[in-house]
Amino acid sequence: DNDTGHRCWAPLTSCSAMLGATNCVRTRCLCQAGYCMRGGVCAEAEQGQCSVNTGGTCRLFRCDASRGPTQCDEGSCVCEHGLCAEDGACIVPDSVIVADVVRVDDAQPAFPGAQGLIPTALCFSGGGARSLSIVLGALRALEGLGLMPKVAAISSVSGGTWAAGIYMFADVDKEELLGAAAAPSGLTLAALRRRPSRLGATATQDTMGIALELVAGGTAPDRLWQHTVSRAFLDAFGLDEPAFMALDADHVARIKARNPQLQHSRFVTQAPGRPKVFVMNGALLAPVGYLASNANVVSWQMSPEFTGSPFRPDHAALSYTARNHREDDDDVGQPVGGGLVETVAFGGPAPIEGQGGSRAARLHSPRLPFTLGDALGISSAAFAGKLEVKKITPDNLVPKASVWPVLASADAPGVAAHEYSLGDGGDVENGGVLAMLQRRGGARAGRDT
């Protein structure tokens, strides 16, 4: 156990030095990483041992999603099998994960797997709940006409991603999910008063109320938007959980075969009968502490299989200006883009080997799974670009992740990961078309105007 049972109210009071190596986490004195309670103090954990108690409680409410994959055990939020508690959250113990790193640039432009074979695609733009409603109607009509089996891919932005994410992952009867198609002549007031379909009902969620509840539960600021979006749009379908994403059961089996330490980890996969490829579009804004601008924001693409920024900007590195003059350098150049990493491995440091592209790259595992809710939240974080470009504070609400470039050569020296701010795909291109054009798809655009 890592919970000392003592309270703290930082910065007013701290944990007693008599407790040993502790951190004050959400008013609780918890042992630091690598330490467990023994003899009333935090002592170094024995090899192979780690704490599973996050310090959270679940007597009245469920365990907050910001604590990672947990289960409620006699009123305490404890980590699921194979995970360890650190600073109040369940993380994947530091281990080496084997995953694909795919170089995608001008010299090697092919995308991996089905993403490189897209004859037809639907592109859904941003626009919040308005876009969600339009996408719902489009999907209902296309399903009713029997045309969806001809669609190979969906690419979406912001509110379009809310709807598309539910459609792609919710294993629900399609009529129950989308509602029954109706002829225009049948759209009477009585028909319009009927309860919306399950997907349509998500547009009426009280996101402010959800956000306030999450704040009260201790959700970290830079995770608040993602968790709010996840709760609002995914909870009704059992998809609001700290689980890895994958394409299908075969993909999960391949991941686990290469990474036995993930044998007990949870995964969510695309529902049967949906298009093979799904790209959720966001924006890579700037390294934390630096400003984004029209000259340095690039496309950020997330899917159940791969995540990253394909291709490279015109210059080898992008220039970023410090938010204030306390940074070490007022301007900094960073290489970005160049390819994709298998999503199960996204969020950790740069690869130990394989940063120039490899079907068996070795990486340190990410601390937390990159979830479907994370992707929906990033794709729709329209406020993030405004905060980063206009130097508005606080920017601690902006989604962040550890990002590194894919190298142009297997022999190139490694480039370390940096923590970047991420935002709405509309900060780059609001139609979702770019991702499909990069994959040489014959895109058919569905836009909210």
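1. The model contains an open sheet of three strands, whose order is 1-3-2 and whose pairing is antiparallel. At its edges lie strand 1 (3–7) and strand 2 (22–25), each of which pairs on one side only. On average, and with direction ignored, neighbouring strands of this sheet are turned by 30° against each other. The structure under discussion is a predicted model.

2. Within that sheet, strand 1 and strand 3 (residues 28–31) run antiparallel and are joined by two bridges. Arg7 stands opposite Arg28 of strand 3.

3. The largest nonpolar core has 88 residues, and the members that touch the most others are Ile154, Tyr167, Leu177 and Leu199. Helix 2 (residues 159–169) supplies the largest share of this core, namely seven residues. A second, separate core consists of nine residues, among them Ile118, Ala121, Ala153 and Val279. In soluble globular proteins, nonpolar side chains tend to be buried together.

4. Leu177 deserves a separate look. Which residues is Leu177 in contact with, leaving aside its neighbours within four places in sequence? They are Leu136, Ile166, Tyr167, Ala170, Val172, Ser197, Arg198, Leu199, Phe237 and Arg274.

5. Helix 7 (residues 221–234) has 14 residues, and from its first C-alpha to its last it reaches 20 Å, close to the 20 Å expected at 1.5 Å a residue. Why is helix 7 described as largely enclosed by the rest of the structure? The reason is that ten of its 14 residues are buried, that is, they have under 20% relative accessible area. The buried residues of helix 7 include Leu224, Gln226, His227 and Thr228, and Arg231, Phe233 and Leu234 are buried as well. Helix 1 (128–144), helix 2, helix 6 (207–216) and helix 9 (372–379) are included in what covers the buried residues of helix 7.

6. Strand 25 (residues 418–424) is likewise described in terms of burial: five of its seven residues are buried, so strand 25 is largely enclosed by the rest of the structure. Strand 16 (residues 277–287) runs antiparallel to strand 25 and is joined to it by five bridges; here Ala286 has Ser421 of strand 25 as its bridge partner. Strand 24 (residues 400–403) also runs antiparallel to strand 25, with four bridges between them. In this case the bridge partner of Ser402 is Glu419 in strand 25.

Definitions and conventions:
Residues numbered from 1 in each chain as written. Predicted model: local features only at pLDDT ≥ 70, side-chain atom pairs only at ≥ 80, totals over all residues. Heavy atoms only, no water. Pairing = 2+ DSSP bridges. Axes fitted to C-alpha atoms, helices over the stretch in contact; angles between N-to-C directions. Core = buried A, V, L, I, M, F, W, Y, C linked by side-chain atoms within 4.5 Å. Buried < 20%, exposed > 50% of the residue type's maximum accessible area, 1.4 Å probe, protein only. Contact = heavy atoms within 4.5 Å. Expected span 1.5 Å × (residues − 1).
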